[in-house]
Amino acid sequence: RYLPEYREVRARADFLTMVRTPELAARVTLQPVDILGVDAAIIFSDILVVPAAMGMALTVEEGTGPRFDDPISSPRDLERLRDVDVEGDLGYVLEALRHTRAELHGRVPLIGFAGAPWTLMSYMVEGSGTKTFARAKRFLIEQPRTAHALLGRLAAAVGRFLATFAQLRTTAR
């Protein structure tokens, strides 16, 4: 994010637009490889794309970071979450991976990533990043069934997401 070339792209598009636009995500992913000669590329994305795909309204505020304005706090809140269709709901990440891989021409490895269920649940319960995880810990202790149900759904969604990454790797050769 300190490269002038990145700042040039960022001046025209907000963070989530860059994440959700495969061509922009690929462009900024490739910049460190092309400019600095790093030995691997990390896809430009965010761990919170999975909760967003589940129906959580994600915003990223300049200087504050990611935020969910309607955090999870009860069993009823789980009802509003949908199951993730990786190709349909997260196809923009997959397309960014495909596009970036094609542009890399095998020069360096391409790394994709996903958030761990606990981290994702913490954001979903807290509403934003935290150093103490106070609400998430309280949620786990006071509502263990709901917390474990949410963690299970997140683990399944993240697993499907990462399995799709693996399929891309084997089918893109």
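A salt bridge here is a side-chain nitrogen of Lys or Arg within 4 Å of a carboxyl oxygen of Asp or Glu. The model is predicted: local features need pLDDT of at least 70, side-chain atom pairs count only at pLDDT 80 or more, and totals for chains, interfaces and linings use all residues. Residues are numbered from 1 along each chain as its sequence is written, and side-chain values use heavy atoms, with hydrogens and water left out.

**View 1. Aspartate 69 and arginine 67 form a salt bridge.** The N to O distance is 3.5 Å. Aspartate 69 is exposed, at 56% relative accessible area. Arginine 67 is partly exposed, at 29%. (Buried means under 20% relative accessible area, exposed over 50%, and partly exposed in between, with a 1.4 Å probe and protein chains only.) The structure holds nine salt bridges.

**View 2. Arginine 10 pairs with glutamate 62 in a salt bridge.** Their closest N and O atoms are 2.7 Å apart. Arginine 10 belongs to helix α1 (residues 4–10), while glutamate 62 sits in the loop between β2 (58–61) and β3 (65–68), so the pair ties together parts 52 residues apart in sequence. (Helices, H or I of at least four residues, and strands, E of at least two, are DSSP runs numbered from the N terminus.) Arginine 10 is partly exposed, with a relative accessible area of 25%. Glutamate 62 is exposed, at 67%.

**View 3. Aspartate 83 meets arginine 153 in a salt bridge.** The side chains come to 3.4 Å, N to O. Aspartate 83 lies in the loop between α5 (75–79) and α6 (86–89), and arginine 153 in helix α10 (residues 144–171); the pair therefore ties together parts that are 70 residues apart in sequence. Aspartate 83 counts as exposed, at 60% relative accessibility. Arginine 153 counts as partly exposed, at 24%.

**View 4. Salt bridges link Asp70, Asp77 and Arg80.** These residues are joined in a network.

**View 5. Serine 45 is a buried loop residue.** Serine 45 is found between β1 (41–42) and α4 (49–53). Its relative accessibility is 12%. Leaving aside neighbours within four places in sequence, serine 45 is in contact (heavy atoms within 4.5 Å) with Phe15, Val19, Val93 and Phe113.
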